[in-house]
Amino acid sequence: MFDLLFSLFVTTILVSLGYFFGRRAEIKHFNNLVKREATMNKLPAMASRIPPGDGEYDQYLVSGSVVIANDYFKSFVAGLRNIFGGKVRTYETLLDRARREAVLRMKEKAQALGAEAVFNVKYEASNISGQYNKRLPVIEVHAYGTALKKQF
Amino acid sequence: MEYHNPKIPEHINTSREHPLKEFSILLIATLALVVIVSLLLGVGGSWFAGKIPFSAENKVASFYDITEFTDSASHPELTAYLQSLADKISVAQKLPKEMRITAHYMDSDTVNAFATLGGNLFIYRGLLEKIDNENMLVTLLAHEIGHVKHRHPIKSLGHGVAVSIAMIALTGSGSTNIMGNAGILTVLKFSRDMEKEADQEAMNTLHALYGHLGGGADLFAMFKKMRQKMKMDESPALLSTHPLDQDRIDSFKTMASEKGWKSKGKMTPLPGFFKDSLQSKRQ
């Protein structure tokens, strides 16, 4: 009985900590993303594999990657979601943040090169905790593409 | 050709819903599921366990050498007396032939007595010291034998096992020791209905053996006094599995008046060696 109460207590603490800090970090991150995207939209990133045919371009490989830690609250809700099925909304925000951050970092690199656009953009997402996903719930999203810089 | 990354509206890939809403709905649903499943499985497990023949229960119980843990051997006279009472009660309760009750004496200060698998009864010195007459002792033994008669130990075990399995299946973890605390030598948890059923058996037995219910209420009055002395607060009736002491004391009067039985009568004294046996081998 004591064991049960103790683990209930620990779980409650972890879930509340996860909620307060995770939620704070998430809201902050989303606000930051919206702001940076508004300026970075001048430098378009395209999924198209064919570069524009109106000139000669130098091509550079650019990439951006981000590692985001999950929090206990998200895992807890996802665990409960596992019982009933349906959209895991707590992970949707996590992955959305990671994808957008990765693209922004990639664009920032392209901008530093003086590129006009990034073509052939691709994403890769992975769980860097490997098989120990219970102990270390951390995801990595990697975005990469070809930065095009006009030749003079 | 022009290339643009327009501003994309928020909340296409993510939900606008507050995460706490999903959390509370899921939590409530899960808790409801756990309660319903454990109730259903508990009732089912208990029902199935009740169908296990007593001979099978005996076989399981015989895997354990119970005598190793008891002090019956060092107190033969007392044990024989307890056994003779148990046999008398078995006849009075019309137990089936294969349902044999074995009384075990435990030389310990613990104020307790309990029935467990295989018709094994454990009676502690601490409790026997508080017994004033045979009628009280018979009430106690008849109550425990009543548990055996109604298969409460195995039902309680079946209930516990079914619930443990459900919890392991649901949470993916949990105690791997499915039998949990429901081992052979430990006190099994009986529901309030089970306790009431056993009390009924005790009353019937008292009437059959002595022609009155005297001593029965005394036993529970003794428990009540003891609890008050230890300042153990009685938990509200809903939370406690045992019926409240006062309710049990009253139930003897109610039963007597309902059936037209005598609630009091001549008490049978305990045999002379009883108190001496409890003293012996005490250090």
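# Briefing: chain B and its interface with chain A

Ten helices and three strands make up the secondary structure of chain B. The model is a predicted one. Chain B and chain A bury about 2200 Å² between them, and three salt bridges are found across their interface.

**Architecture of chain B**

- Read from the N terminus, the order of elements in chain B is α-α-α-β-β-β-α-α-α-α-α-α-α.
- Chain B has 283 residues, of which 41% are buried.
- Of the contacts in chain B between residues at least 6 apart in sequence, 74% connect residues at least 24 apart.

**Helix H5 of chain B**

- Helix H5 of chain B covers residues 134–149. Its 16 residues, at 1.5 Å a residue, should span 22 Å, and the separation of 21 Å between its end C-alpha atoms agrees with this.
- Because 15 of its 16 residues are buried, H5(B) is largely enclosed by the rest of the structure.
- The N-terminal end of H5(B) is capped by Asn133(B), which has a side-chain oxygen 3.3 Å from the backbone nitrogen of Asn135(B).
- After H5(B) comes Arg151(B), a residue with a positive phi near 60 degrees.

**Loop residues of chain B with positive phi**

- Most residues other than glycine have a negative phi. Two residues of chain B are described here against that background.
- Arg151(B) is not a glycine, yet its phi is positive, at about 60 degrees. This residue sits in the loop that links H5 to helix H6 (152–171) of chain B.

**Interface of chain A and chain B**

- The size of an interface is often given as the accessible area lost when the parts come together. Here that area is about 2200 Å², with 63% of it on carbon and sulfur atoms.
- On the side of chain A, 30 residues are in contact with chain B, and on the side of chain B, 20 residues are in contact with chain A.
- Eight residue pairs, with both members at pLDDT 80 or more, are in polar contact between the two chains.
- Three segments of chain A, namely helix H1 (2–40), helix H2 (72–84) and helix H3 (89–113), each provide at least two residues of the side that touches chain B.
- H3(A) gives the largest share of that side, with eight residues.
- The side of chain A that touches chain B consists of 18 nonpolar, three polar and nine charged residues.
- Among the three salt bridges across the interface is the one between Arg89(A) and Glu17(B), in which the closest N and O atoms are 3.5 Å apart.

**Helix H3 of chain A**

- Gly114(A) follows H3(A) and has a positive phi near 85 degrees.

Key. Residues are numbered from 1 along each chain as its sequence is written. Chains are lettered from A and ligands numbered from 1 in the order in which they are written. This is a predicted model: local features need pLDDT of at least 70, side-chain atom pairs count only at pLDDT 80 or more; totals for chains, interfaces and linings use all residues. Side-chain values use heavy atoms; hydrogens and water are left out. Contact means heavy atoms within 4.5 Å. Buried area is the accessible area (1.4 Å probe) that two parts lose on being put together, summed over both. A salt bridge is a side-chain nitrogen of Lys or Arg within 4 Å of a carboxyl oxygen of Asp or Glu. A polar contact is a pair of N or O atoms within 3.5 Å; within protein, one must be able to donate a hydrogen and the other to accept it, and residues adjacent in sequence count only if both atoms are side-chain atoms. Helices (H or I, at least four residues) and strands (E, at least two) are DSSP runs, numbered from the N terminus. Ala, Val, Leu, Ile, Met, Phe, Trp, Tyr, Cys and Pro count as nonpolar, Asp, Glu, Lys and Arg as charged, and the others, Gly among them, as polar. The expected span of a helix is 1.5 Å times one less than its number of residues. Buried means under 20% relative accessible area, exposed over 50%, partly exposed in between (1.4 Å probe, protein chains only).
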